[in-house]
Amino acid sequence: YLVFSDSTYNAWTFKHPKTLYAWDGACVWIPCTYSSLKGSGHILDNLTVYHNFTYNKTAKNYVGTVLYSKNLTTEESTSSQERVRFLGNRRNNCTLLINPVRVDDSGLLGLRVMSRTDKWMASLNLSISERAPQPHIELPQEIREDQEVTATCSLNFACHDYQIHLRWSLEGSVTTSTILSTETVTTQSSLHFQPNWTHDGKNLTCQLWDPMKKRLLSEKTVLLEVKYAPKLKIQVIPEEATVPEGESVTMRCQVMGSNPPHGTVSWFKDRTRLKEQGTTVTLPEVTRTMSGQYTCQVSNEVGTKRSDAVDLQVHYAPEPSSVQISPSSIKEGVTVELACISAANPPPANYTWYFNGQEMLGKNSRTFQIPQVLVKHAGRYSCLAENSLGPGSVDQEADLDVQYPPKGVTTVIQNPTPIREGDSVTLSCTFNSSNPRVTRYNWNSPGSQDQTSQEKLTIRKVTWDAAPVKCEACNQWCSWSPSVNLNVHYAPKDVNIQISPHTEVRSGDQVFLRCEFSSSHPEDVHFFWKKDGSLLKKQKTLTFDPISPEDSGTYHCLVNNSIGQTSSEACELRVLYAPRRLRVSISPKDGVVEGKMAVLTCESDANPAPSHYNWFDGNNQDLHHYGQTLRLEPVKLQHSGSYWCRGANRLGQSQSPPTTLTVYYSAATISRRAALGVGFCLAIFLLAIWGVKLQRKDAESSEMREIPPSRDDSVTYAVVQNRQVADYENVTPEVLDDEGIHYSELVHFGNGKRALAQEGVEYVTLKH
């Protein structure tokens, strides 16, 4: 930037464009900034704009045409400020606007600025033309077809107060921008387009347009050079490209354009290169094999281009026809399509079909279908094709082979009947017909153990519930036979006993035992009953009305048929009843010696067993003992007597008859009693002697008479227990304990003989 300073020290820096362009009647926008090296406190006081100024060294001042002058401190300015305006400020912006601008404004423009301590001059060039200048167009160095291109149209002009518009002669995407900076002042438009070969050699124009006055200010035109691959077209004689066999055809490859120039022309038929080269190809006496798609190909630096194909059709009569059958493998029931194959041009318009040499009426199209083909449709098929040039001929017949799965598949049992459970069974799989032949067999029997893919199947040890068996015969497809029931004979199964009612059985109830089974083959069966291993009745149901405890036991039900017999599991029949037949058993059973232990047990017949007992003595007095066993230890003489018991369960109660408990004296008691008895006997004996003496005295005093035998002679028995044999022991009773009980007889010996009268016997019996 050109700056002239009047001070010895240049303290200011200016930034603005060196040259600004405009035309007469437009405006000039001068972007300008400045800064002071002395800091932000250094500000402008005065601004003067000179046109074509010079410096007067004598006056040490600048002289020239003053376009604008302004005291920034007082806001005073000259009258020329109508055309020139200061848009800046006193600190950093010195932007100016000249509107309108005239041609004579061209030249050197000076900005004279002053502060309190400094003054300096900044200058720039104005280039004002009479008319608007042409825009400048920039293009890429090389333009190729179908590659996107950006063309730029620019003008070194921009002013906010004067609007312009840049317009293009081609369609495309346009981007416009305006730059107003201290470095650049320009207006620019970018055109984005995709050229094609028709753009080659055409003009591209950028117009400078005044949108306010709607007029053209200027324009710039450049010539487009678009490089592209050759553009081709084939011309055919005759034009329709359809000729009968034997005539001539000429084809010429026309190159409609190529930039850069093209090379040699090549020819292709159905994408196969031909040996012919050059722009023209002649085919004399065409044959049917010459029909096809013809193209020509040319190359240049840009690339290789192939023309659109020309379809050459050589007409001829139908060739010998053949029949195509689909699908190739035909199963009975599918849809079959037959097609007549005969090359002809034009294609045949009429067809005649034959089945086993006979014409098929109503069949005149190229194809026909047989929906759900059957075996009867199998045979030889042929056809005859015809077009506008005449009929063809029959080449060969086609054989329609209808295949089907095996038919009439049957499972046959080879064993003699009936079949019993556990037998080995052999079955065979047969069929009536098959196309193709049967290759394998399948069986659905889970019990089979071998030969599952063979014609025969053996089932070893057939079960009673064997499922029905069926077989499958297979070629490409498989067919199942109907299921065959083996009808296995077997003994009755799942024999069981059903008790009714299902609740507990009480004595006196009505009870039924029914013999049930799940199955039997044959169904004719017989029933048998056993109780505790003994045979009972031959019937299905046992009836107990009423049932008694004696009916309790283990029951079995047996069911048999002609194959065998099956027994049920043991069924325990338990009859509940109140206690009965109560009795008291005593241990030891023949009596007990006092001082020992006596055990009394209340025995009963009851179901369930008695849960409660009561004991009573002979006087029916409750002994307040509630167990089944009454223990007396040690037993006493006073325990002798009768006892009875009462037993009860949840069904009732009963009592026993009285039972007597006998308690024998012990040895000590017998000794005491024997001593007492002996003493008593001695007393009697002494009394007897004394009486005898008295009688004698009386007799002596009276008449002498025969002395009569004494009537008082008696025998006294005493029970003596002694381990040593007494002098008078003559009886040994059977006792349960180790001590012996002995009976002794005391005889009174009087004078004379014993009386003949029956002796009196006295027994001492000790009972508790």
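A salt bridge is defined here as a side-chain nitrogen of Lys or Arg within 4 Å of a carboxyl oxygen of Asp or Glu. The structure is a predicted model, in which local features need pLDDT of at least 70 and side-chain atom pairs count only at pLDDT 80 or more, whereas totals for chains, interfaces and linings use all residues. Residues are numbered from 1 along each chain as its sequence is written, and side-chain values use heavy atoms, with hydrogens and water left out.

By this criterion, the structure holds 22 salt bridges. One of them joins the side chains of Asp105 and Arg83, with an N to O distance of 2.6 Å. Asp105 lies in the loop between β10 (96–98) and β11 (107–114), and Arg83 in the loop between β8 (76–77) and β9 (84–86), so the pair ties together parts that are 22 residues apart in sequence. Strands (E, at least two residues) are DSSP runs, numbered from the N terminus, as are helices (H or I, at least four residues). Burial was assigned from relative accessible area: buried means under 20%, exposed over 50%, and partly exposed in between (1.4 Å probe, protein chains only). Asp105 has a relative accessibility of 4% and therefore counts as buried; Arg83, at 14%, also counts as buried.

A further salt bridge connects Arg580 with Glu550, their closest N and O atoms being 2.5 Å apart. Because Arg580 lies in strand β59 (residues 575–587) and Glu550 in the loop between β55 (541–544) and β56 (553–560), this pair ties together parts that are 30 residues apart in sequence. Arg580 is partly exposed at 21% relative accessibility, and Glu550 is partly exposed at 41%. Glu550 also meets the side chain of Arg581 in a salt bridge, at 3.7 Å from N to O. This second pair links distant parts of the chain, with Glu550 in the loop between β55 and β56 and Arg581 in strand β59, 31 residues apart. Arg581 has a relative accessibility of 60% and so counts as exposed. Glu550, Arg580, Arg581 and Asp605 are linked in a network of salt bridges.

Strand β55 also belongs to an open sheet of three strands, in the order β49-β51-β55 with antiparallel pairing. Its edge strands are β49 (496–500) and β55, each of which pairs on one side only. Two strands are taken to pair if DSSP finds at least two bridges between them. Four bridges join strand β51 (residues 511–516) to β55 in the antiparallel sense, and Arg514 stands opposite Thr541 in β55.

Antiparallel pairing was also found around strand β23 (residues 249–259), which is joined to strand β21 (residues 226–237) by eight bridges. Strand β23 pairs in the antiparallel sense with strand β26 (residues 280–283) as well, over four bridges. Arg252 takes part in both pairings: this residue is the bridge partner of Gln235 in β23, and the bridge partner of Arg252 in β26 is Thr280.

Asn387 lies in strand β36 (residues 379–387) and is buried, with a relative accessible area of 7%. A polar atom of the Asn387 side chain lies 2.9 Å from the backbone oxygen of Pro346, and the side chain reaches the backbone nitrogen of Leu389 at 3.0 Å. Contacts of Asn387 (heavy atoms within 4.5 Å), not counting residues up to four places away in sequence, include Tyr316, Pro318, Asn345, Pro346 and Ala349.

Notes
Polar contact = N/O pair within 3.5 Å; in protein donor to acceptor, adjacent residues only side chain to side chain.
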